[in-house]
Amino acid sequence: MTDLSTRTVVTGDASKRAQRRPVPQSRGAAVRQRRENIAAYTFLIPWLVGFFGLTVGPMLYTLYLSFTNYNLFSAPTWTGLDNYIRLFTNDPSFIQSAKITLFYVLVGTPLKLAVALGAAMLLNYRDTAATFFRSAFYVPSLIGASVSVAIVWRAMFVTDGPVDSALSFFGINLGGWVGNVDLVVPMMILLAVWGFGGTMIIFLAGLKNIPGELYEAADVDGAGPLRKFRNITLPMLSPVIFFNLLLETIGAFQVFGSAYIISNGTGGPAGMTNFYTVYLYKRAFTDSQMGYASAMAWVLLIVVAIVAIFIFRSSQSWVHYAGDEK
Amino acid sequence: MSATLQTTQAVVTGTAGPQRRVKRKTWKTIIWLIAMIVLAAVILYPLLWLTLATLKPSSEFGTNPGLIPEQPTWQNFVRVSEGIAGVPMWRFFWNTIVLSVVATAATVISHALAAYAFARIRFKGSKILFTCMIATLLLPFHVVIIPQYIIFNNLNLIDTYIPILIGKFLATEAFFVFLIMQFIRSVPRELDEAARIDGAGHARIFFSIMLPLIVPTLTTVAIFTFLGQWNDFFGPLLYLTSPENYPLSMALKMYNDQTSVSDYGATTAASFIALVPVLLFFVIFQRFIITGMSSGAVKG
């Protein structure tokens, strides 16, 4: 299947080349092209309805609402930039929620990627029972965002729970993590890292695509494992790292369910699990402040866009596509 | 370990070279195996703990953090089977199954249609629409939920499954469109060109040629949709208000909210019951899940 994905690239390019045949300008061709257009848009009807009705339309409506005061019951009243000004100058909960979310993204995502890459390399190292280990490492990522796991996670980290007792055994007395303002965010990060399996599978496929000759050549030149990692593995894997970094970062900004469940919807202790989306949800659907929450949504969109652009831009200097320099 | 080091050692130790190398390799494998087993144990511990904790009586949760229940009992399952808020457990299961099955069927069809158009038809505007589609991949969904909620509220569709499922019919998961596209592109074009010469239109080609060929990738999409819907919490939290419509995730939330009255036993048992189908699903469909993950992302 990994072979298949590389093949996809090859045939994909070939078919693109085939598409670039000069188009004959006869009337028959124009009629045929029109028929093609009609066929394509027929196939795309569901997607087009969804794209405009559930994505673009709502996005713009959110933008409009963000400049208003709206509580669902009376018509929105225009307030200009008030919501945005209030967010940044007069709402400590918002600033705190933005801070913990940024911390969660900036620490959790690199950590998760590092663990995923390390596990993928370990898996790639020997073949003994590799399928079993691969499955064992992968399973948490399928369920990591579920309510069940959030409940288990909290049970693991409560005072005198399994984690607390295990650490006490080694003389580390941290107490419960759930009620501790300093430890509850690390606990959420650990939950994210625990679900590293999906990312690991993608890294593993990338590792298997690196030609073995590269390592053999490095062996002949006497390169050690660290040099091989820096000069072969990382550059060859950089497109996959880029893909994972982008999707994982954007995903991490949107953490919701586990934080909501672990704090029973309160965002506590002391607002430390009041992640961005939890706070947005509470403002919109508990307090009915639709305008204010809409402003929050657009701030999130802009931040995510900036981060995505930053990752794309920076990728030009560190992402290496095989065959570029040929 | 570099080959040069090994050869130097072989020279120094003389004739014992090859055996030594083999021995080193076995040792490395053993160390690797131990590391892997420890890692797997740490990773799977919470699931193992959950499984055995379902047998602990509620009173044991504060006192026994270990794996093995001191006084094992089936009582937790008995209480859970009775349900919560006057709704029996089977009802939550049934709701979850209905949601997941409809979501899966709708997602597969709508996304395959969109993917076919993008991958196989040359049409005006394809480039810009494709870019738009990929852009939605990066869009945080919170920027659309408030108007969506307002619309469904005005249409009196709160507490129905329509707001949760409608996106599945409308191909809103860009990642799946992309995944299916990649697969369609790997199908040789000669197949549909031959059909075109025989006079088949795109509808014929799609249904009789393409669909059977892309079953593997559709299976992957189906599995991920099913599991995603099974675990979905946000949609039901937002749109469902009466417990008899709740799926398992919301039933668990009710158990969780009640933990102040503390029935840890029942909460744990309910969490376990909700996870078992997912784990079974994984065991059965492992191959599709893992190959699907890899083929979507590695673009070479």
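Reply: Happy to. This is a predicted model, in which local features need pLDDT of at least 70 and side-chain atom pairs count only at pLDDT 80 or more, while totals for chains, interfaces and linings use all residues. Residues are numbered from 1 along each chain as its sequence is written, and chains are lettered from A and ligands numbered from 1 in the order in which they are written.

Let's begin with the chain around your helix. Chain B has 14 helices and zero strands (helices are DSSP runs of H or I with at least four residues, strands runs of E with at least two, numbered from the N terminus). Of its 300 residues, 41% are buried; a residue is buried if 20 or more other C-beta atoms lie within 10 Å of its own, exposed if 12 or fewer, and partly exposed in between, with C-beta atoms placed from the backbone. Among the contacts in chain B with a separation of 6 or more, 70% join residues 24 or more positions apart (a contact means that two C-beta atoms, placed from the backbone, lie within 7 Å).

An α-helix has 3.6 residues a turn, so residues three or four places apart point the same way.

In the loop between α6 and α7 of chain B sits Asn156(B), whose phi is near 60°, a positive value in a residue other than glycine. Asn156(B) counts as exposed, with 8 C-beta neighbours inside 10 Å. Following α7(B) comes Ala171(B), with a positive phi near 50°.

The UniProt annotation "transmembrane region", from an unreviewed entry, covers six spans of chain B, including 92-116 and 162-184; its positions are given in the numbering used here, feature names are shortened, and annotations may be inferred rather than shown by experiment. Over residues 162-184 the chain is 83% helix and 0% strand, with end C-alpha atoms 30 Å apart. Residues 92-116 are 100% helix and 0% strand, and their end C-alpha atoms lie 36 Å apart.

On the chain A side, Phe203(A) touches Ala116(A), Leu117(A), Ala120(A), Leu237(A) and Val240(A), leaving aside residues up to four places away in sequence.

The other partner to follow is chain A. Between the chains, 88 residues of chain A are in contact with 73 residues of chain B. The chain A side divides into 55 nonpolar, 28 polar and five charged residues; here Ala, Val, Leu, Ile, Met, Phe, Trp, Tyr, Cys and Pro count as nonpolar, Asp, Glu, Lys and Arg as charged, and the others, Gly among them, as polar.

Finally, how far can you trust all this? The predictor gives the complex an ipTM of 0.86 and a pTM of 0.87. Mean pLDDT, the predictor's confidence in each residue from 0 to 100, is 87 for chain B, and 90% of its residues reach 70 or more. For chain A the mean is 88, with 91% of residues at 70 or more. Please be careful with residues 1-15 of chain B, where pLDDT stays under 50 and the model has ten contacts beyond four places in sequence. In chain A, pLDDT stays under 50 over residues 1-20. Where pLDDT is low, the predicted coordinates should not be read in detail.
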